Amino acid sequence: SAAVVACHACSTLSDELIRECTAAGVDFAIMPCCHGERSARNDRMKFASKTLSVEFGLLVDIARLGVIDAAPGYKARMRTIDSS
């Protein structure tokens, strides 16, 4: 049995870990930090963030929850760390 824990998983590293862990069927916890990828997807997410008045990083992380929840056998949960 294996598990993956990733702290400070910047930008697309979080997405890569989600893909690899769900494909391998292992448990995982990811703490993303930066959302600075330059891509067409990121541009669409920034547009949606402004349109919906939702913080960009939060919107990206919510989209990631959807990817995890869509993977068979996974249930995504989101926790935040108080900034104070």
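Arg-64 and Asp-15 form a salt bridge, with their closest N and O atoms 2.8 Å apart. Arg-64 sits in helix 3 and Asp-15 in helix 1, so this pair ties together parts that are 49 residues apart in sequence. A salt bridge here is a side-chain nitrogen of Lys or Arg within 4 Å of a carboxyl oxygen of Asp or Glu. Helices (H or I, at least four residues) and strands (E, at least two) are DSSP runs, numbered from the N terminus.

Keep in mind that this is a predicted model, where local features need pLDDT of at least 70, side-chain atom pairs count only at pLDDT 80 or more, and totals for chains, interfaces and linings use all residues. Residues are numbered from 1 along each chain as its sequence is written, and side-chain values use heavy atoms, with hydrogens and water left out.

**Salt bridges**

- By that rule, the count comes to four salt bridges.
- Side chains of opposite charge can pair when their charged atoms come close.
- Arg-41 also forms a salt bridge with Asp-15, and here the closest N and O atoms are 3.3 Å apart.
- That pair links distant parts of the chain, with Arg-41 in helix 2 (residues 40-52) and Asp-15 in helix 1, 26 residues apart.
- Asp-61 forms a salt bridge with Arg-64, the closest N and O atoms being 3.1 Å apart.
- Asp-61 and Arg-64 are both in helix 3, and because they are three residues apart, about one helical turn separates them.
- Through shared partners, the salt bridges join Asp-15, Arg-41, Asp-61 and Arg-64 into one network.

**How covered are the network residues?**

- The classes run like this: buried is under 20% relative accessible area, exposed is over 50%, and partly exposed is in between (1.4 Å probe, protein chains only).
- Arg-64 has 6% relative accessibility, so it counts as buried.
- Asp-15 is buried too, with a relative accessible area of 12%.
- Asp-61 is buried, at a relative accessible area of 16%.
- Arg-41 counts as partly exposed, at 31% relative accessibility.

**The cavity**

- A search of the whole structure turns up one cavity of 30 Å³ or more.
- The search runs on a 1 Å grid over the protein atoms alone: a cavity is a set of points where a 1.4 Å probe fits but cannot get out, a pocket is an open set with protein on both sides within 12 Å along at least five of seven lines, and lining residues have an atom within 4 Å of a point.
- Grid points are joined across faces, edges and corners, and a volume is the space filled by probe spheres set on the points.
- The largest cavity has a volume of about 50 Å³.
- By class, the lining of the largest cavity has one nonpolar, four polar and four charged residues.
- For these classes, Ala, Val, Leu, Ile, Met, Phe, Trp, Tyr, Cys and Pro count as nonpolar, Asp, Glu, Lys and Arg as charged, and the others, Gly among them, as polar.

**The largest pocket**

- The largest pocket holds about 860 Å³ of space.
- It is lined by 27 residues, and the closest to its centre are Ile-30, Pro-32, Arg-77, Met-78 and Arg-79.
- Helix 1 (12-24), strand 2 (27-31) and helix 3 (56-70) are the elements that give two or more residues to the lining of the largest pocket.
- Helix 3 gives the most to that lining, with six residues.
- Sorted by class, the lining of the largest pocket has 14 nonpolar, six polar and seven charged residues.

- Met-78 is in the segment after helix 3.
- Met-78 is partly exposed, with a relative accessible area of 33%.
- Together with Leu-58 and Ile-62, Met-78 forms a nonpolar patch on the surface, with about 230 Å² of accessible area in total.
- Patches are made of residues with over 30% relative accessible area and no salt bridge, where like charges are joined within 9 Å and nonpolar side chains (Val, Leu, Ile, Met, Phe, Trp, Tyr) within 5 Å.
- Accessible areas come from the Shrake-Rupley method with a 1.4 Å probe, and for residues only the protein chains shown count as cover.
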